[in-house]
Structure formats: structure tokens, C-alpha cells
Amino acid sequence: MEIFPQVPRDPAWRPDALQELLLKAALLAGPPAVSAWRAWSTRVDLDRLDEGSNRLLALVSANLDRLGVHDDAAGRLRGYRRRTWYVNQVKMKQLEVVLDAFAHAGIATLILKGAALARAFYPDPSLRPMSDLDILVRRRDALRAIAWLLDQGWTAAERRVARRLEVFFGTDGDTEGRILQREGIGFSRGTIDLDLHWRVLHHRGWPGADDPFWDASVETTVGAASTRMLNPTDSLLHVCEHGSRWNKVPPIRWIADALMILRAGGTAIDWDRLVRRARDLQVTSALAAMLAYLREELDAPVPASCLAELRAVRATWIERAERRTTHRRPGELPFVLRLWFEHVHASRDVGWPSTLASLPRHLVYAFDLRGTSELPSFVVTRTATRVVHGLRG
Amino acid sequence: MKPTVRFTVPNPPIAAESFGDESVIVNLDHGTYYSVRGPAFRTWSLVSAGVAVGAIIDRLAATYDAPGAEIEAAVTALIEELEREGLIVRAEENGSSAPVEAAPRAKEPFERPVLEKFTDVQELLALDPVHDVDGTGWPRPKDRG
């Protein structure tokens, strides 16, 4: 008997019918793209678009221009593309400054997501909107990187983290421990948001989990600053893992990102490595479903042998449980259950006694409590709040 | 301005990109955004490719239906404005080495070339590219009158 809910029939990564039409208008060639655009544009009001679809408009604009389709929306779509180009230019300049400063401080960096994907895999950087600047540093360098950002006027986007950094950073080990328990911190300065990460994937925080990513990363530059990025195979894995998780903005952009990696990366994709890394990181089942979707719906060059290998892997119980939770919006599962999954996954290889012993501290840090003595009352209050919200519908 | 003068685009801090019949230019030191369309787009395309001023004027005179003196004055004024804005700088060598595309058969009506300039970065970033713009798209806001 399964004690966890089933994988949702429509997981977060799967676009709905209209989003799928827009993706086809953005990514396919020739008549299929044109007919998808016609079908989409007669059913959707551009003014009432979800944010996930919005993020595809630059790609749609370029594809329609290429296909010679010019209708009433062409001007606004091209404007979206101009804005994407402009914003990306401004953000990349900021990114260059930060990367250069980190390099001078001896902090190794690796750029993730938009900044890396737009330049390495998209035919034109104006086609891939960047929301945050995503920089990965090694965990041992995280505190120095945070100190520099704070010194330069960046503030943590999350209020409670900002408060903690403002009052305690650099003054007590407890705060530093709490910070490093996280996977990263989001910062902002003016109109620019920057996510500083010290883990590549969610919850994969066991010692050495990220070493293969770093070891196989490739050199790149942002302006005059030298940095690194994931190789094409790891980029594909990262895009899919990130896109598999529920997000308030529908994460359908993973489909465009993955397809661009497959098209540009081509023979550079090491399918054996992909299966090996997916198995090690326990993301095989979601990856298999997502790659199969790309192959079937968008004719992506994903080898059938890779899908067969991924499907043949018997997912661990924690992977199955995680897949049943991360595809859902927060609140659909008891929050303690979600944290339990996270903790067990992050505590791989330490054994059950240590995992259980460190759980209270994990919860204290996750809820930003002062100590374990606050846990019982917090859990009761939080559960009661959820129940009341649930009863009110 | 001498007809043999050529320019280059100082990159960084200037970045530019073409979108169909429009080029957009940004000064990354302060985020100022520029747009050139029509004759200004053609002028920018040529001047940023290193074509000498005299050759640019000849090219536009072959493209547009207007007196040569009017085109020369307008193009020279635009190039001076581009230089004042720091979007181009004089190249050390004079001459005309960059290839010039063939002129169209029928001449087009001439409009004074305009360098559109948007200086308020916050306003640019706040402008919703789908909902708050006119039919030509971002960054031109919808007329709210």
C-alpha cells in the first residue's frame, strides 16, 4: 500500500493544452508552428496571459518573424523581445561586476539558469528572459560571498533572512550554521535580483553531492569576467530537475530550455552520464517522464535507449515520495511531511540515527525558531492554522 | 564632417542589436536605451559597420527620394548626435572599407532620421511589455489619454 499520494496526473512540469500550443508556436518549424500560433492566438487574450506563457513570447516573436507571420500581435511580441534583450544586457553587466569581484577574492563561481542558458544554448540571447542572476559558489565560500554582497549594498530578499543577516551576520556561529543549512539566498539591489546558491539541486546537500558538477563544468566568460557553467549534459539535467518542481509561475520554460540545449548541445550530450548522474541524484523517474514528453511532443533528439535506461532504474522510496510532493503546490501536503522528505534526502549516507538526531535542528532552522523548545508549540499552532484554513476552504 | 571619417562602436559600454528594421542600442554604464528606425536604422547599420560618412550619405541618397543636400544634412546631424551620446567614436583610420549593400530599385520617401532616447531605467523596467504598450510594443507606452 502506498502511504503517499499518487503522482499528479498533470504534474507541474507538464503544460496545459494552451501552453502547449504556445510552446509549439515558439519552438517548431514550418506549418506546425504557424497552425499552433493560429490556434493559440484565436483562443487567448494576450492581455490575460499567465507568467509562464509570458516568458515564451520572445521566442514566439522570433519564430513568427522567421516564418513570415505578421499579425496584430507582432509589434507587442517584438517589443517583448526588445525588452528581454535590454534587461538581459543590463543584468549581465551587473553579473560581470559580481563575478569579477568574486574572482578577485578567490571565490570560484559557476553561473546557472538564464545567464548561462541564454548565451550558451539559445541562438540569440534576446530569446531567453532572465529573471534572477543565479551564481553558484562552493559551500565553503558562501559566507565570504555573502559578506561581499552585503558590503556592496545587496540585501536578502526574504525579510527574516535580511533581518538575521543585518543583526547577526559575522557575530555568531549559530547564524552562520543556519545560513549554510539553506541551499542559497536570494538578494536584491535596485531592480536586480541575484540568487546566490551553494547547492546545484534542491535537497541534494550531502557532502560531495555537487563535486561532479564542478569537476565537469566548462569555462565561460561574462563580459571580461571569467566563470564556469555546467556542461551541456548537466545543464539538461539541471533544467529538468528545476522545471519538475511546482512554482507559482508555471515552470513550462524548462521545455524551451531543454530543447535549446538538445539542439545546440547536439552530440555534446553524454547520455550515459545523464543516466548515471540522474541515478546518483535520484531524479530518474521525473527525468524519464520529461524527456519522453520532449521526444513525443516536440520531436526532441532524445535516444530511446536513454529513456529505457532511465525507466529501468528502480526509484528509491525517497525519490518516489519526493516526486509525489515536489510536483504539488505547497500546502497540498502536510508541511512537516515535506520537511521530513527534504531532510532525509539531504542526509543521505549518514544513517538513520544521525538523520533522526539532526531532524529537530533542521526544523528549527527551517522555521527560524530560537531553539528546539519552541518546536512543539510551533508545530501545534501551524497545524491548527492549516486545519482552520482547510475547513474554510 | 569630412566624408572620409569613419566610426566604431565602443563595446563595452555600448551594446546594440537589430530587430527587423529597427536597431536598439544601450549604454550599459547608465542603462540609457536608444532606438533607431527607418533612415536612422539604415544610417546606424552603416556607421556601426565602419562605413565612411561620405559613403553613408551616398547610400542613403540612392535609397531615399529627397534632395541630396537634405539627406546629407540630416545624416550628418544624426551621426553627430550619435557621437555626442557616446554611441560611436571616431576610428583612427579614414576610408570606406566596409561593403555597402545594393540600393533598392524604387526610392523610398525620406523622413528625418531620429534617435529615440529613453533615459529612465526604472520606468523602462516597470513598463509591462504586454499590457502597457502601444501597437509597436515596448518601450513605447500606450496612449492613456
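This is a predicted model: local features need pLDDT of at least 70, side-chain atom pairs count only at pLDDT 80 or more; totals for chains, interfaces and linings use all residues.
What is chain A built from? It holds 19 helices and 7 strands. Its radius of gyration is 22 Å, close to the 21 Å that the globule rule gives for 393 residues, so chain A is as compact as a globular protein of that length. Here are some overall values for the chain:

| Property of chain A | Value |
|---|---|
| Box filled by the C-alpha atoms, along the principal axes | roughly 65 × 55 × 45 Å |
| Residues that count as buried | 55% of 393 residues |
| Contacts joining residues at least 24 apart, among those between residues at least 6 apart in sequence | 69% |
| Distance between the mean positions of 55 positive and 47 negative charges | 3 Å |

Now for the interior. In soluble globular proteins, nonpolar side chains tend to be buried together. The largest nonpolar core in this model has 124 residues, and the members touching the most others are L27(A), W37(A), Y86(A), L196(A), L236(A), W254(A) and L291(A). Which helix of chain A gives the most to this core? That is helix α5, spanning residues 74–104, with 11 residues. Another core, of 26 residues, lies apart from it, and includes L60(B), A74(B), I88(B) and L115(B).

Leaving aside residues up to four places away in sequence, Y86(A) touches V26(B), G31(B), Y33(B), V121(B), L124(B), L125(B) and W138(B).

Key:
Residues are numbered from 1 along each chain as its sequence is written. Chains are lettered from A and ligands numbered from 1 in the order in which they are written. Side-chain values use heavy atoms; hydrogens and water are left out. Helices (H or I, at least four residues) and strands (E, at least two) are DSSP runs, numbered from the N terminus. The radius of gyration is taken over C-alpha atoms; the globule rule is 2.2 Å times the number of residues to the power 0.38. Buried means under 20% relative accessible area, exposed over 50%, partly exposed in between (1.4 Å probe, protein chains only). Contact means heavy atoms within 4.5 Å. Lys and Arg count as positive and Asp and Glu as negative; His and the chain ends are not counted. The place of a charge is taken as NZ of Lys, CZ of Arg, CG of Asp or CD of Glu. A nonpolar core is a set of buried Ala, Val, Leu, Ile, Met, Phe, Trp, Tyr and Cys residues joined through side-chain atoms within 4.5 Å.
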